[in-house]
Amino acid sequence: AICVRNIFGQIDDKTRLLQQVDRALRPGGSVLISDFTIRENGLSSAALKAFSAAEDNAPKLCTLEDLQRGCEDLKLDLRVAEDMTPEFRNLVVKGWANLAEMLQGKSVEPGEAAALAKEIKLWQIRLAALDSGDLRVCRIFGLKKSGTWQGS
């Protein structure tokens, strides 16, 4: 099995990565891809611009359909190709709420507080982009068909 999480948005040559994943998978092997995507190619909304500017490296996002098509071109047997933004958003909000509860009444070192404030701001921007509908989180799960292993 191969899990590819938050990688496609960081690279230009998504096809090459998919080919390498396919090459590494044995027949019957599974691949799970989870990543940020955009609603449609060519979008340039304020929410996406803020998201891109807030990230350490400007994302190179594609659509869920682009990733799905790339997997299908490799003849992967796709079982799931979905927008999981609402579930992801709920997990993020719950995670921050849990952290706030854990920190209730506790002091935080100045360096930790600065890092935490930076991370909170980043997630506020990410959530705003998700809420705009232009940024999405996708999940793809597929299996390599029998007899197509190219590994050595």
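N6 sits in the loop that joins β1 (2–5) to α1 (14–24); helices (H or I, at least four residues) and strands (E, at least two) are DSSP runs, numbered from the N terminus. The model is predicted, so local features need pLDDT of at least 70 and side-chain atom pairs count only at pLDDT 80 or more, while totals for chains, interfaces and linings use all residues. Residues are numbered from 1 along each chain as its sequence is written, and side-chain values use heavy atoms, with hydrogens and water left out.

**Positive phi**

- N6 is not a glycine, yet its phi is positive, at about 55 degrees.
- With a relative accessible area of 32%, N6 is partly exposed (buried means under 20% relative accessible area, exposed over 50%, partly exposed in between, with a 1.4 Å probe and protein chains only).
- K75, also a residue other than glycine, has a positive phi near 65 degrees.
- K75 lies in the loop between α3 (64–73) and β3 (76–83), and its relative accessibility of 54% makes K75 exposed.

**Packing of α4 and α5**

- Helix α4 (residues 85–103) packs against helix α5 (residues 110–132) at an angle of about 155 degrees, and their axes are 11 Å apart. Axes are lines fitted to C-alpha atoms, for helices over the stretch in contact, and angles run from 0 to 180 degrees between N-to-C directions.
- The two helices, α4 and α5, are therefore roughly antiparallel (under 35 degrees counts as roughly parallel, over 145 as roughly antiparallel, 65 to 115 as roughly perpendicular and the rest as oblique).
- The crossing of α4 and α5 is left-handed, meaning that the near helix is turned anticlockwise from the far one by less than a right angle; clockwise would be right-handed.
- On the α4 side the contact (heavy atoms within 4.5 Å) is made by T85, F88, R89, V92, V93, W96, L99 and L103. On the α5 side it involves L116, E119, I120, W123, L127, L130 and D131.
- The contact residues of α4 and α5 comprise eleven nonpolar, one polar and three charged (Ala, Val, Leu, Ile, Met, Phe, Trp, Tyr, Cys and Pro count as nonpolar, Asp, Glu, Lys and Arg as charged, and the others, Gly among them, as polar).

**Aromatic pairs**

- The whole structure holds three aromatic pairs (rings of Phe, Tyr and Trp, its six-membered ring, with centres within 6.5 Å; planes under 30 degrees apart count as stacked, over 60 as edge-to-face and the rest as tilted).
- One of them is the tilted pair of F88 and W123, with 6.1 Å centre to centre and 40 degrees between the planes.
- This pair links distant parts of the chain, since F88 is in helix α4 and W123 in helix α5, 35 residues apart.
- W123 is buried, at 14% relative accessible area.
- F88 and W123 belong to one aromatic cluster with F36 and F51.
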